[in-house]
Amino acid sequence: AADSVERFAQAADRAGHEVSDDAVRAWYQAAIDAGAVAARPLGEQLSFTVDIESNEDGLAITVKVPIYRSARLAAAHAAREAAKHGVATPNALYRTLVANICERRRCSAEEARPGPRQTLALLPAGVATMEPWEWPPAAVAAVARDIRATTGRIVDDNSFYESIKWFCDQRPEGCRGAKLQKDGWSSRLDYDGEKFSVSPWDWPRSVGVDVADELHAGATRDYRRARAEDIATLLCRGNTSCAALPGQSVVLELTPGSTYTCRPREEPAGCVARAAARAAKVGNGIVTRDDLRAAARRALRSLCAVRLCTQALPEPARVAGVLLEPWDDVDEWAAHFPPGAAAERRRDACAKHRYWCGDQTWSAPESSDLDAVPPVTGRFVWLLHIHKAAGTSFCSLALRNGLRLAPHEPETHGHLELGAERLDLASADGVLGGLRRLQARGIGFGSTQHKF
């Protein structure tokens, strides 16, 4: 009875139906009451605390697995959440969770296998490499945007949807709720008497910037920015959070003297890989691999605090017996092989690393000044107020470091003031990113109010 009920519940969950643990228990009891054999008890909700190791710090993630959630789906969801926060090794998290769940719960042979990495070409240029835990619609869209940012080439709509469908068809759990074909609304924009095509994978804000620059080339920057915001809001149907993504360009500096500007369409993991490649060339062998990887992990954590991340930092890959790092120049490496083997070795490497093999015949388009990193004309001084912080671990740490609770109702509210002498950062993103990193490490604090 338990096997049948669990399989049914997991199939219903994969199909997108609302399922709860209470409902699964009720189905099991009904099966027993009807005379089904109880060869084993029904499974229980599982909970795991997984430590993610990195060179600079650690992060613990608690993962709850309902009775109705298959091992691969539960592990994939946890890995995607880890990637959103810039965790360096979601692949390891995914495989560890699948194994741990199937140790404590009966899994089919297919479900117990984490699944392979898969690769598919995107037209007119580019390669989509998919990890088994990634959500194909988001991952393929991220690759398409990255190709647009780094080569200027636009992934065909049909190729985009066909790629998503192909990746989803390779998975036993499928892709519930995924959109697998284009519609008329998503492929066009009527604005200011002009018609523009809109790629389904693009950011509405990026589309707004492109259209505003084209229609109002001679207008002021403020005017074009306002029109870009109007277009993004129109595409997002009034959703201002959607219209604000992904924000402006961000400058990464992994090592002193080596900077890389991450543009809005670039995938953050790709930005960090390219920044690491630039830092390796500038350092000319002085920077060690471990130090560069640690710097890359820190950069990705910081970038994911202010940008939407869907993919992990690329891991080293062994190709033809050689361990290649994400920042290695694959063309330079392949050139050491005989002419007949160089192209084959490059293809082998391309199948293992999504950022090694961009289209070398095209170059990145110029960025709009609307996406430029804002110039620093002064200093933001932040006064951070932790509201109702009494009893939290963040408050205890602050008290140990000499701070005192604000005088307003300290017994019931415990307001904690961090004045200008305590917190002096360059932007709101830096403040909020720091708070998110503290939360990710399990440090609790009350609601925040901030001003500058």
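## A pair within helix 3

Glu-81 and Lys-84 lie three residues apart in helix 3 (residues 71–84), about one turn of the helix. Helices (H or I, at least four residues) and strands (E, at least two) are DSSP runs, numbered from the N terminus. The side chains of Glu-81 and Lys-84 meet in a salt bridge, with N to O at 3.3 Å; the term means a side-chain nitrogen of Lys or Arg within 4 Å of a carboxyl oxygen of Asp or Glu. Glu-81 is partly exposed because its relative accessibility is 30%, and Lys-84 is partly exposed at 40%. Buried means under 20% relative accessible area, exposed over 50%, and partly exposed in between (1.4 Å probe, protein chains only).

This is a predicted model: local features need pLDDT of at least 70 and side-chain atom pairs count only at pLDDT 80 or more, while totals for chains, interfaces and linings use all residues. Residues are numbered from 1 along each chain as its sequence is written, and side-chain values use heavy atoms, with hydrogens and water left out.

## Other salt bridges

The structure holds 24 salt bridges. Side chains of opposite charge can pair when their charged atoms come close. One of the salt bridges is formed by Glu-325 and Arg-293, whose closest N and O atoms are 3.6 Å apart. This pair links distant parts of the chain, 32 residues apart: Arg-293 is in helix 12 (residues 289–304), and Glu-325 is in the loop between strand 10 (322–324) and helix 13 (330–334). Both Glu-325 and Arg-293 are buried.

Asp-348 and Arg-345 also meet in a salt bridge, at 3.5 Å from N to O. About one helical turn separates Asp-348 and Arg-345 because they are three residues apart in helix 14 (residues 339–350). Asp-348 is partly exposed at 32% relative accessibility, and Arg-345 is partly exposed with a relative accessible area of 23%.

## Nonpolar cores

The largest nonpolar core has 22 residues, and those with the most contacts inside it are Phe-48, Val-65, Tyr-94, Leu-97, Ile-101 and Trp-133. Such a core is a set of buried Ala, Val, Leu, Ile, Met, Phe, Trp, Tyr and Cys residues joined through side-chain atoms within 4.5 Å. Strand 1 (46–53), strand 2 (58–65), helix 3 and helix 4 (90–104) are the elements that give two or more residues to this core. Helix 3 gives the most, with eight residues.

A second, separate core has 19 residues, including Leu-252, Val-272, Ala-276 and Leu-300.

## A strand hairpin

Strand 5 (residues 188–191) and strand 6 (residues 194–197) run antiparallel and are joined by four bridges; two strands pair if DSSP finds at least two bridges between them. Tyr-191 stands opposite Glu-194 in strand 6. The two strands form a hairpin with two residues between them, and Asp-192 in the turn has a positive phi of about 55°.

## Disulfides

A search of the whole structure finds five disulfides, each a pair of cysteine sulfur atoms within 2.5 Å. Among them, Cys-102 is joined to Cys-107 with S to S at 2.3 Å. This link is left-handed, with -95° about the S-S bond, and both Cys-102 and Cys-107 are buried.

The sulfur atoms of Cys-168 and Cys-175 are 2.1 Å apart in another disulfide. Its torsion about the S-S bond is about -100°, so the disulfide is left-handed. Cys-168 is buried at 6% relative accessible area, and Cys-175 is buried at 14%.
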